[in-house]
Amino acid sequence: MTEVAQPQLEETRSRFVPGQPDMWLFVLFEALLFTGYFSVYLVSRTQNQDLYLQSQADLDLRVGVFNTIVLLSSSWAIARCVRAAREGVYPAALRYAFVTVGFGVVFVISKVAEWIHEIGMGNTFTSDEFFQHYFFLTSLHCIHVLIGFIVMGVVIYQLRSPARRSQQLVETGATYWHTVDFLWVLIFAMLYVVR
Amino acid sequence: MTTSTEGTSVSDTPPESRLGRFAWNCRHHPKRELWFAWWVMVVFYQLYGVLFFFVTRVQPPPSPAWDTPMIVQWFDDRHDGLLVGFGIVFLISGMCAPMNALLAYSMRRMSVSRIFAYSYLIMYSLSAIPGMLVMAIAMTVGALRPDRDPELIHWLYDFAFLSFSGTMGVFLVGSVVWLVAILLDKNNVFPKWFAYLGLCNALTEVVVAPAWIFQRGAFAWNGAIAWWINMVVFVTYTAVFIVLLRRMIEREDFGTGPLPDLPDKRESASAGSVGVLR
Amino acid sequence: MSNTFNRRLLLVWAILTLLTLAYVWMDEAVDQNQTLTASTVVTVSAIAIALIKVRIIFREFMEVRHAPVWLCRLTDGWVVLVATCLLGSYFVGSAIAG
């Protein structure tokens, strides 16, 4: 590794699309889809402000904040993983990949705990409109996280063996994982913060 | 480009006139079955759209929250449309077969196991029953005798729409089978972004599952989320795969290796119309 | 290991986390002793901050900064599109209800 060459590399490196360009289509399409769901939520929220505010009080903002920070950390970890893989430091890349999955698992456990808590308080998918949207958005997002575990599995499989390593596939997996993160950022704002 | 002329003894080159060329292609073109299946698919989807949206007017779906008199009124308004429209649906439902076969064929052309193609074929063949035919039957039964007991008509209404919307699970799994096959495929039959689009489609189909629970709101069978957004994604997905299947047929070389890319447009034009049916 | 890259990533993470914590302050400023109150200001700010975070995630974590110009424009365009849809839904909905 030439320390001097690195900063020059940063400026003169040609622009590249991270991962398969195909995955970007998914990212943007999925973002639009969720925007559709959020728009439906916002419109129906404005028709029934009081009910939504009252139900929203049953949610704990701090749990939402915790979830967000966990996913932001997982995004940081996968970004570090991609950088490490790009520089050829595969053991570190593999460690970061596992850290990403670890944060993902913490997120899922926290989510399930929150659902159990809400159901315990009597707020279920069918109890009122706000919770319809809450359970729908969070469970759809959770499905994305679970698919993310499969994607991370592919990434880890790629990183493990020198014969298989494909930087493009690792970057594609990272792109997917970041999507899961930014979708949660939006969901968190919609469900927990918006008044 | 002129491989099709090697096997013929009747004529070596297609006639000049459009009709003559068409007839020649029908008899000699090696991809004629594939093109036939593709056209059947296109015609079927056009008819499906017209029949379900404009003739029978069962789509966009009415509300599950209506009371019995409103539902009887709904059937009355659509009496002729329902009988004629679904009568035609019964006639054309067989067109699903070449369509599903073409999709399964695309999976056979891939480097993945044939299990993908066979599972897809079985799933989609069966799914036409609840996904289309049960609605057709229930609606025509409901429309046949307008003076039937209103409660029975209400029952048929629920049965039809729940069957139509609520059985998305099969389509969902079918989409997943196809998208996994595409991701694993080394023959490049479809671009990877189509697999990801299929994932979006599959996820919106998950969204329809709550239709079983709700009678009003965004998740009812006519809801903003369970129907409208889902329909936009589904139509996009369908339009895309129709175009991609066309490209696949054009690229098909009947081999087992990677599917070659389409030649440059100028080259294919000068090779004559042998490659393409008009 | 290039330390500038790593420090930048950590800084990005810290900024995103701070923006997330800003939400807590925002909501507490508006809610009146544990009762939640409707507020257009909070809603609009929540959406705006969320989209700033999304853009940061695009540019830094997803490396759009180093991507070809068309991807930069596309993701920026997307952020604007999502903002328009969300704010539009909120204001149209409010107008219908109010």
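Over which residues of chain B does pLDDT stay under 50? In this predicted model, pLDDT remains under 50 over residues 1-8 of chain B, a stretch for which the model has eleven contacts beyond four places in sequence. Residues 267-278 of chain B also have a pLDDT below 50, with 17 contacts in the model beyond near neighbours in sequence. Where pLDDT is low, the predicted coordinates should not be read in detail. Averaged over chain B, the pLDDT is 85, and 90% of the residues score at least 70.

Two pairs of chains touch, and the pair with the most contacts is that of chains A and C. Chain B and chain C are joined by no contact; their closest C-alpha atoms lie 13 Å apart.

The contact between chains A and B takes 18 residues from each of the two chains. On the side of chain B that touches chain A, at least two residues each are supplied by α9 (192-206) and α10 (224-251) of chain B. Nine residues, the largest share of this side, come from α9(B). By residue class, the side of chain B that touches chain A comprises 15 nonpolar residues, two polar and one charged.

The largest nonpolar core contains 146 residues, of which Cys81(A), Leu186(A), Ala189(A) and Ala226(B) touch the most other members. Helix α7 of chain A (residues 167-193) contributes 17 residues, the largest share of this core. When residues up to four places away in sequence are not counted, Leu186(A) touches Phe34(A) and Phe38(A), together with Ala50(C) and Val54(C).

Key:
Residues numbered from 1 in each chain as written. Chains lettered and ligands numbered in written order. Predicted model: local features only at pLDDT ≥ 70, side-chain atom pairs only at ≥ 80, totals over all residues. Contact = placed C-beta atoms within 7 Å. Helix = DSSP H or I, 4+ residues; strand = E, 2+ residues; numbered from the N terminus. Nonpolar A, V, L, I, M, F, W, Y, C, P; charged D, E, K, R; others polar. Core = buried A, V, L, I, M, F, W, Y, C linked by C-beta atoms within 7 Å. Buried ≥ 20, exposed ≤ 12 C-beta atoms within 10 Å, placed from the backbone. pLDDT = per-residue confidence, 0-100.
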